[in-house]
Amino acid sequence: RAALGGRVRLERSDLRKIALPACDAIVIIDVLHYIDAAAQEAVLAECARALSAGGVLVLRVADARAGRRFALTRIVDQFVALARDRVWPRLYFRSLPEWIDLLERSGFEVRSQPASAGTPFANAMVIARRR
């Protein structure tokens with residue numbers, strides 16, 4: 001926050017229930033696969049509503065079409081959630097093209113890049129700019 005002149009506000013909340021304030025940027029890292037498809041769509045619609053024109057949404061998501069790397073990503077996420085919640089989780093992954101399509105339908109211009117360099121995982125960084 002200090003590096004950005006105090007203009008940053010960090011929130012910790014249930015993403016499915018938060019009303020986001022008007023803003024220029026939102027970052028969601030490794031979270032969306034823990035909520036179902038309808039909730040994912042609602043969260044992205046809320047992000048689109050809150051972001052100013054030209055505002056940016058940055059996501060890191062797993063790419064469900066990435067074969068063995070995705071299988072490992074899924075297993076690790078399931079065990080992390082199991083250790084945290086003591087319940088075997090149901091996770092809701094999408095392929096990278098599905099994430100891009102959903103974001104474009106939600107009013108974003110989208111680009112993506114791999115985000116797994118040096119790891120065995122199947123992550124992608126998605127940068128979505130509000131139209």
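Student: Which strand is Leu51 in?
Tutor: Leu51 belongs to strand β2; helices (H or I, at least four residues) and strands (E, at least two) are DSSP runs, numbered from the N terminus. Before we go on: this is a predicted model, where local features need pLDDT of at least 70, side-chain atom pairs count only at pLDDT 80 or more, and totals for chains, interfaces and linings use all residues. Residues are numbered from 1 along each chain as its sequence is written, and side-chain values use heavy atoms, with hydrogens and water left out.

Student: Is Leu51 buried or exposed?
Tutor: Leu51 is buried, at a relative accessible area of 4%. Buried means under 20%, exposed over 50%, partly exposed in between (1.4 Å probe, protein chains only).

Student: What does Leu51 touch, leaving out residues up to four places away in sequence?
Tutor: Its contacts (heavy atoms within 4.5 Å) include Ala25, Ile26, Phe108 and Arg130. Leu51 and Ala25 are 26 residues apart in sequence, yet 6.7 Å apart from C-alpha to C-alpha.

Student: OK, the sheet. What's the strand order?
Tutor: The order is β1-β2-β4-β3, an open sheet of 4 strands with mixed pairing. Two strands pair if DSSP finds at least two bridges between them. β1 (23-29) and β3 are at the edges with a single partner strand each, so one side of each has no neighbour in the sheet.

Student: Which pairs run which way?
Tutor: β1 and β2 are parallel over 6 bridges, with Ile29 bridged to Arg60 in β2. β2 (residues 51-62) and β4 (residues 123-130) are antiparallel over 7 bridges, and Val56 stands opposite Arg129 there. β3 (residues 108-114) also runs antiparallel to β4, joined by 7 bridges.

Student: Now helices. Which strands does α1 touch?
Tutor: Helix α1 (residues 37-50) packs on the sheet and touches β1, β2, β3 and β4, its direction making about 150° with that of β2. Axes are lines fitted to C-alpha atoms, for helices over the stretch in contact, and angles run from 0 to 180 degrees between N-to-C directions.

Student: And which residues of α2 are buried?
Tutor: Phe70, Thr73, Asp77, Gln78 and Ala81. Viewed down the axis of α2, they fall within an arc of 130°, so they line one face of the helix; the arc is that of the directions from the helix axis to the C-beta atoms.

Student: What do those buried residues pack against?
Tutor: The buried residues of α2 pack against β2 and β4.
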